[in-house]
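Subject: Structure for your files

Hello,

Here is the structure I promised to send over. Please open it alongside this email; my notes on what was found follow below.

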Amino acid sequence: MSDFDVNSLFVLEIFVDLLILLLGIGVLCIAYMYVVDSRQTKHAIRRNFPVVGRFRYFFETLGEFFRQYFFAMDREEMPFNRAKRSWVYRAAKNVDGTVAFGSTKSISEPGAVLFVTHPFPTLAEDYAAPQAMIIGPHCQQPFKASSFFNVSAMSFGAISQPAVSALSRGAAQAGCWINTGEGGLSPHHLEGGGDIVFQIGTAKYGVRDDGGKLDDEKLLAISAHPEVKMFEIKISQGAKPGKGGILPGIKVTEVIAMTRGIPIGEDSISPNGHADIRSVDQLLTTLAHVRELTGKPVGFKLVVGGSSFFDELCEAIKLRGVEQFAPDFITIDSGDGGTGAAPQSLLDSAGLSIRETLPLVSDRLLEHGLRDRIRVIAAGKLITPVDVAWALCAGADFVVSARGFMFALGCIQAMQCNKNTCPTGVTTHDKDLQKGLDPTDKATRVASYVANMEMEVGTIAHSCGVREPRQLNRRHARIVTDLGQSVPLDVLYRKQAEQNPLFSTSSEE
Ligand SMILES: Cc1cc2nc3c(=O)[nH]c(=O)nc-3n(C[C@H](O)[C@H](O)[C@H](O)COP(=O)(O)O)c2cc1C
């Protein structure tokens, strides 16, 4: 036997010994797990199916990631199905947005929105650019908002620093506003130089005194930024009405602490409501105070739970004076809105859908003669041109989206926003994971998303025979009912108002 053969045999022997050792260890581990599983009393599956039962947890975790690729159909997933997400991805990447062969959407399914096409669509030479709209005409500094599609509130903390930078720069390129969310105004919000809506949350981050009350000097300092165009008082958020937010201390970095005006490294907990706003009158007083102090438009955001609040609100506004006390805008969030973290019961079942509340609020304001004074901003899964065009038809002056813009930033709906493990860097403060989100590249995607949204809502408008999206109204869209037939929005909402106690003025909440 040659030296080479002897060496080869020796290596083979070691390899076989190692293999036997590993197999032995493996068998021992399985035996150990078998004994542990069959003796423990906490997990029924593991007790009844020792060792094999453990795979359940493994597959459950993998399912979160792989379901969307292998099993879910185009229109199946929640909160956002693949068809909708894909539209946003294509729009953000500015790639061909056309689809071949035919629609995967059933147009006879109840709830489907169908637009009323005109036999003679608007010709290209008659197209008009979407009109800018003034918010807060009676303020010292009214805001002329150019885009009907804007970035909804997402606090710095809930989303990462590169995400805020990309949104700020992208929104500036697109000419739309970003809303700071309740986490205050950071230097990253100012990077792009575009329009900003400053949100005053229940903890009043960024504008709070040591006792957590509104600090007028800090408010004035925020308002001194020319980029800050409006203030939004957050009453509630669709995903968690009546619940405050919590940002764990580990996420309260130096910049976040500075932005919010709180200590570094300590849990950041916002109360579930404003201690100083406990009635319609106090709400109107606060709105008027902020507007008087800053000279800029002020409104509030809420998720609607019923209609009587709006009657009380409108009556109080008329009593105290429309010019001075009316909110310049109301942002209506949907009960199925998004969040960084919320209890499942509130996420699933608290607050009404924007599909129901947008027409309701718009009509209530109209009935009280306040519709022209108060702008209506709608939010809640309005991320594609069909959603946005429906909202404009139903009564919205503006549409805002949070998760649509998260998709534009690269979000893959991994549903990890509350874990600091977001794989795309959008909602994590882990520097390694944030590396994947390049603010310059993603800013372009944010801008393209807005541009393509405006273009395709325009396409729907032209198909309906009007010159630009703001001319869409309730006669331009229909909704398929339970009988499989569609009804125009103007007829449907009038009928609802007549038949549904929720829509009637005398309803009790
Ligand atoms: C990560 C994240 C953070 C959010 N933070 C806030 C916030 O600070 N203040 C607020 O009013 N709404 C917040 N929202 C709610 C959104 O602004 C929006 O109202 C809601 O998600 C509905 O819009 P969408 O369906 O387009 O996401 C947040 C949503 C998400 C997904």
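**Helix packing**

Helix α9 (residues 308–320) packs with helix α12 (residues 354–367) at an angle of about 30 degrees, and their axes are 10 Å apart. The model is a predicted one. Angles under 35 degrees count as roughly parallel, and α9 and α12 are therefore roughly parallel to each other. Their crossing is right-handed. On the α9 side the meeting residues are F310, D311 and C314, and on the α12 side they are V361, R364 and L365. By class, the residues of this contact are 4 nonpolar, no polar and 2 charged.

Helix α9 also packs with helix α8 (residues 280–294); here the axes come within 10 Å and cross at roughly 55 degrees. The helices α8 and α9 are therefore oblique to each other, with a right-handed crossing. From α8, the residues V280, D281 and L284 meet E312, L313, A316, I317 and R320 of α9. This contact of α8 with α9 divides into 5 nonpolar, no polar and 3 charged residues.

The next pair is helix α5 (residues 161–174) and helix α16 (residues 439–463), whose axes come within 7 Å and cross at roughly 45 degrees. As a result of that angle, α5 and α16 are oblique to each other. Their crossing is right-handed. Residues of α5 in the contact include P162, L167 and A174, and those of α16 include A443, V446 and V450. The contact of α5 with α16 has 11 nonpolar, 4 polar and 3 charged residues.

**F405**

Which residues does F405 contact, leaving aside its neighbours within four places in sequence? They are V151, L167, V446 and Y449. F405 itself is in helix α14. F405 is buried, because 32 other C-beta atoms lie within 10 Å, and 20 or more is the cut-off for a buried residue. Between F405 and A443 there are 38 residues in sequence terms, and their C-alpha atoms are 10 Å apart in space.

**Backbone points to check**

Most residues other than glycine have a negative phi, and most peptide bonds are trans. The following places depart from that.

- M78 and P79 are joined by a cis peptide bond, with omega about -5 degrees. P79 is in the loop between α3 (55–70) and α4 (82–93).
- N94 is a residue other than glycine with a positive phi, near 60 degrees. N94 is in the loop between α4 and β1 (113–115). With 14 other C-beta atoms within 10 Å, N94 is partly exposed.
- Q413, also a residue other than glycine, has a positive phi near 55 degrees. Q413 sits in the loop between α14 (403–408) and α15 (431–434). The count for Q413 is 18 other C-beta atoms within 10 Å, so Q413 is partly exposed.

**A loop residue: D209**

D209 is in the loop between β6 (196–200) and α6 (216–223). D209 counts as partly exposed, because it has 13 C-beta neighbours inside 10 Å. The C-alpha atoms of D209 and Y32 are separated by 58 Å, and the two residues are 177 apart along the chain.

**Around the ligand**

How many residues surround the ligand? There are 29, and the closest are G181, G337, G338, A402 and R403. By class, the shell around the ligand has 8 nonpolar, 15 polar and 6 charged residues.

**The whole protein**

The protein has 17 helices and 15 strands. Its C-alpha atoms fill a box of roughly 105 × 60 × 45 Å along the principal axes. Of its 509 residues, 44% count as buried. Taking contacts between residues at least 6 apart in sequence, 68% join residues at least 24 apart.

Regards

Conventions. Residues numbered from 1 in each chain as written. Predicted model: local features only at pLDDT ≥ 70, side-chain atom pairs only at ≥ 80, totals over all residues. Axes fitted to C-alpha atoms, helices over the stretch in contact; angles between N-to-C directions. Helix = DSSP H or I, 4+ residues; strand = E, 2+ residues; numbered from the N terminus. Parallel < 35°, antiparallel > 145°, perpendicular 65-115°, else oblique. Left-handed = near helix turned anticlockwise from the far one by under 90°. Contact = placed C-beta atoms within 7 Å. Nonpolar A, V, L, I, M, F, W, Y, C, P; charged D, E, K, R; others polar. Near = placed C-beta within 6 Å. Buried ≥ 20, exposed ≤ 12 C-beta atoms within 10 Å, placed from the backbone.
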